[in-house]
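Q: I have a structure on the screen and would like to go through it with you. Could we begin with the metal site?

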Amino acid sequence: MSVAAFDSSAVRIAERDAHWMAAALRRAARNTGRTASNPSVGCLVVAPGADGRDEVVARAVTAVGGRPHAETEALKIAGDRARGATVYVTLEPCSHHGKTPPCVNALIAAGVSRVVVSVTDPDPRVSGRGFALLRQAGIEVVTGVLEEEGERALDAYLRRQRKGRPLVTLKLAVSADGMVGRQGEGQVAITGPEARARVQNWRARSDAILVGVGTAIADDPLLTCRIPGMEARSPHRIVLDRRLELPVASRLVATARDVPLLVVGGERRPDGETVERSADAVAALAREASRSMRRAALEAAGAEVIEVDPGALETVLEMLAGRGIASLFVEGGARVAADFLAAGLVDRIALFTAPRFIGEGGIASPVTRDHIPDGFALRQTRTLGEDRLDIYERAS
Ligand code: AOF
Ligand code: ZN
């Protein structure tokens with residue numbers, strides 16, 4: 001075989017692999033935000049059709065809730081046609097006995113001949129072992145196909161695995177005069193319907209959404225996804241609420257049985273004991289008792305109360321990662337936004353800018369298009385109705 005012939009067929013194979021991996025990535029996107037604590041992985045089984053051309057015999061994505069994994073679903077659909085086929089999967093197939101048996105076992109048992117992967121799984125139980133076991137079984141393994149796109153698709157999962165905290169997106173809706181709302185006025189419409197739909201879509205693709213108790217009280221928001229047909233995709237809602245002030249009558253608490261609500265409250269002294277400080281021991285006891293009652297009321301309404309100091313944001317994020325939350329959408333208000341930025345815990349800023357003015361009594365945004373925190377670079381700009389969305393990402 002001449003070198004030229006070899007080159008052209010190698011290029012053809014690489015192009016074909018990239019083509020089917022792109023399709024697997026599109027499939028993976030279907031369940032983004034619905035598979036925590038697992039990533040949403042896409043898988044295609046491709047075999048030669050009657051005319052000798054590639055035919056997709058199965059497509060699958062990690063199931064809602066994280067299991068079954070994509071590969072086992074795809075192999076089930078493919079049945080006998082998996083024998084000798086090529087499998088495209090966006091993440092290294094798992095090699096561990098977790099809540100389901102290893103996908104590599106299923107791939108080997110199905111007799112596939114080739115496995116093409118985008119991203120190596122950083123999960124220490126897998127991390128290269130998936131590839132090694134497939135190769136040991138005589139299966140050809142190709143890795144790193146569309147790796148950049150794959151890393152982007154799995155960014156939240158990779159962040160949680162590698163850094164032990166979720167990927168944080170800070171969303172701000174800012175008026176033309178740089179305000180996020182008006183003092184004492186609750187929800188003020190700043191952006192239009194297109195931008196609001198985009199926000200709800202973003203919520204649906206996140207594992208959790210977070211606000212401070214000030215916003216929760218002032219706005220009385222629902223923080224759900226209300227796009228018709230996507231209501232079931234609402235993420236966990238988290239309120240940072242040191243003193244457990246969230247009213248039991250709020251819409252967040254009223255809906256806690258339908259959409260999970262986590263209230264993060266508490267203050268840790270250096271000795272680790274959770275108490276509220278007071279010079280007066282009796283007053284402290286009374287406060288503690290009423291706090292216990294508020295806690296009991298929130299829990300009776302279906303909310304979960306977590307005793308972590310909301311001022312220690314890094315600890316809050318570690319706690320959330322430990323609960324399987326990989327993508328966090330921070331929605332307000334200005335104070336929480338400023339705290340996350342000051343702690344260096346924001347990975348991405350979604351800045352919506354509207355043409356309307358707030359004027360007198362406005363609450364200034366910590367970020368505007370003219371005032372972007374150091375270390376962030378503009379990645380994308382879109383027009384949504386009369387509003388504009390700029391997405392900034394941490395340069396590193
Ligand atoms: C795959 N295919 O579709 C996904 C994978 O708790 P378990 O048993 O479900 O295992 C969780 C781990 O499985 C997770 O950390 C990641 O390594 C992998 N996710 N693997 O082969 C999939 N979602
Ligand atoms: Zn698996």
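Q: What is the arrangement of the four donor atoms around the zinc ion (ligand 2)?
A: The arrangement is tetrahedral, because the four donor atoms subtend angles of 98 to 120° around the zinc ion (ligand 2). Please keep in mind that this is a predicted model.

Q: Which protein donors does the zinc ion (ligand 2) have?
A: The protein donors are H69 through ND1, C94 through SG and C103 through SG. They lie 2.0 to 2.2 Å from the zinc ion.

Q: And what spacing do the donors follow along the chain?
A: The spacing is H-x24-C-x8-C. H69 and C94 link distant parts of the chain, being 25 residues apart. H69 sits in the loop between β2 (54–61) and α2 (70–78), whereas C94 sits in the loop between β3 (86–91) and α3 (103–110).

Q: Is H69 buried or exposed?
A: H69 is buried, and C94 is buried as well.

Q: What about the loop between β2 and α2, where is P68?
A: P68 has its place in that loop between β2 and α2. The peptide bond leading from R67 to P68 is cis, with omega near -5°. A cis bond also runs from A36 to S37, with omega near 5°; S37 is in the loop between α1 (3–29) and β1 (42–48).

Q: Changing topic: what pLDDT does the protein average?
A: The average is 92, and 94% of the residues score at least 70. Over residues 1–5, however, pLDDT stays under 50, and the model has one contact beyond four places in sequence for them. Where pLDDT is low, the predicted coordinates should not be read in detail.

Q: How many residues are in the largest nonpolar core?
A: That core has 31 residues, and those with the most contacts inside it include L210, I238, L320 and F340. Among the elements that give two or more residues to this core are β6 (167–174), β8 (208–212), β12 (327–332) and β13 (348–353). The largest share, five residues, comes from α11.

Q: Which residues is L320 in contact with, leaving aside neighbours within four places in sequence?
A: L320 is in contact with P166, I238, L262, I325 and L328. Another core, of 30 residues, lies apart from the largest one and has V45, L107, I139 and L154 among its members.

Q: Now helix α7, what should its twelve residues span?
A: At 1.5 Å a residue, α7 (residues 193–204) should span 16 Å, and its end C-alpha atoms are 16 Å apart, which agrees.

Q: Which residues of α7 are buried?
A: The buried residues are A195, R198, V199, Q200, W202, R203 and A204. What covers them includes β6, β8, β12, β13, β15 (376–384) and β16 (387–394).

Q: And the loop between β9 and α9, where is L244?
A: L244 has its place in that loop between β9 and α9. Its phi is near 55°, a positive value in a residue other than glycine. L244 counts as buried because its relative accessibility is 0%.

Q: Where is R242 found?
A: R242 is also in the loop between β9 and α9 (251–254). At 28% relative accessibility, R242 counts as partly exposed. The C-alpha atoms of R242 and V263 are separated by 8.8 Å, with the two residues 21 residues apart along the chain.

Q: One last point: what phi does S127 have?
A: S127 has a positive phi of about 30° although it is not a glycine. S127 lies in the loop between β4 (114–119) and α4 (129–136), and its relative accessibility of 41% makes it partly exposed.

Technical notes: Residues are numbered from 1 along each chain as its sequence is written. Chains are lettered from A and ligands numbered from 1 in the order in which they are written. This is a predicted model: local features need pLDDT of at least 70, side-chain atom pairs count only at pLDDT 80 or more; totals for chains, interfaces and linings use all residues. Side-chain values use heavy atoms; hydrogens and water are left out. Donors are N, O and S atoms within 2.8 Å of the metal (3.2 Å for Na, K and Ca); water is not among the atoms, so sites may look incomplete. Four donors count as tetrahedral if all angles lie between 85 and 135 degrees; four count as square planar and six as octahedral if opposite donors are over 155 degrees apart and all others between 65 and 115; anything else is irregular. Helices (H or I, at least four residues) and strands (E, at least two) are DSSP runs, numbered from the N terminus. Buried means under 20% relative accessible area, exposed over 50%, partly exposed in between (1.4 Å probe, protein chains only). pLDDT is the predictor's confidence in each residue, from 0 to 100. Contact means heavy atoms within 4.5 Å. A nonpolar core is a set of buried Ala, Val, Leu, Ile, Met, Phe, Trp, Tyr and Cys residues joined through side-chain atoms within 4.5 Å. The expected span of a helix is 1.5 Å times one less than its number of residues.
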